Amino acid sequence: MTGRPAPPRSRAELDAVTAQQWKALFAGPVEELAHWLQAAAALEDPQAQAMLGQLLLDGRGIAQDAARAFDCFARAADQGLPIAMNMRARCLEHGWGIAPDPAQAAHWYLQAAQAGLDWGMYNYANFLSSGRVLEQNHALALEWYRKAAALGHAKSLNLVGRYYEDGVVVEADRATAFKYYRASAEGGDFRGQYSYACMLAERGRIDDGNFWLEKIAGSATAAFMKKIGNELQLSGHPSFRQIGDRMLQLAASR
């Protein structure tokens, strides 16, 4: 006995799935999970639709199909699921399974943000701060970043810190920036880890800075590691320069 439930044939069977059975599904083969989610999604369950959409987008346990993934996200978003609203927007922003439509992406990011999703808040704020799609509005962007940061969103914590470090629409306050960068670093954001390490170095805490710099490679993109690797090579701290060399080597190997 695996403890995994059979694919549901009715809403009643779906509603009867226990927390233990859900856990067993996610612990089992991803191909079996994808098959099960297809049955649940056909019953118009928004959570199943969103999860199936992610598997289809990634090609995990099922053939990759971005167009079908977008359809899953759209159906779940229309039922009011915030995470599906955000993924619908990402597809519209990047052209995954549908023609790019930045204006519609902004609409759905806002819907997700207003529904309380931290990622929706962050993505909508990115549009506002960059001015790429919406009219640039740093004050409103910071407001949304702050809301996401209050929910513990690590990337937003880093960006709130940057607003305080640079003094954009707020008075420059490096002590406040330091607090936000620390929270972002502890939350696992590689950009926050770099920001925090740099401020630690300013305070003479080189060993602590080294600790956070060493963590970056675990999640950072190759492009980011190349960028900061070059910056670290110019540091006045030998250990930072050594880490910068390793960053560049890792970036080249990815």
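Biologist: Leaving aside neighbours within four places in sequence, what is Arg88 in contact with?

Modeller: Arg88 is in contact with Phe70, Phe73, Ala74, Ala77, Asp78 and Trp108, where contact means heavy atoms within 4.5 Å. One caveat: this is a predicted model, where local features need pLDDT of at least 70, side-chain atom pairs count only at pLDDT 80 or more, and totals for chains, interfaces and linings use all residues. Residues are numbered from 1 along each chain as its sequence is written, and side-chain values use heavy atoms, with hydrogens and water left out.

Biologist: Okay. Is Arg88 buried or exposed?

Modeller: Arg88 counts as buried, at 13% relative accessibility. Buried is under 20% relative accessible area, exposed is over 50%, and partly exposed is in between (1.4 Å probe, protein chains only).

Biologist: And which helix is Arg88 found in?

Modeller: Helix α6, residues 82–94. Helices here are DSSP runs of H or I with at least four residues, strands are runs of E with at least two, and the numbering goes from the N terminus.

Biologist: Switching topic, how many salt bridges does the structure hold?

Modeller: There are 15, counting a side-chain nitrogen of Lys or Arg within 4 Å of a carboxyl oxygen of Asp or Glu.

Biologist: Which residue does Lys147 pair with?

Modeller: Lys147 bridges to Glu143, with the closest N and O atoms 3.6 Å apart. They sit four residues apart in helix α9 (residues 138–150), so about one helical turn separates them. In general, an α-helix has 3.6 residues a turn, so residues three or four places apart point the same way.

Biologist: How accessible is each of them, Lys147 and Glu143?

Modeller: Lys147 is partly exposed at 36%, and Glu143 is partly exposed at 38%.

Biologist: What about Glu202, what's its partner?

Modeller: Arg174, with the closest N and O atoms 2.6 Å apart. That pair links distant parts of the chain, with Glu202 in helix α12 and Arg174 in helix α11, 28 residues apart. Arg174 is partly exposed, at 34% relative accessibility.

Biologist: Last one: which residues of helix α13 are buried, and what covers them?

Modeller: In α13 (residues 206–216), the buried ones are Gly209, Asn210, Trp212, Leu213 and Ile216. Their cover includes α11 (174–186), α12 (190–202), α14 (222–232) and α15 (238–253).
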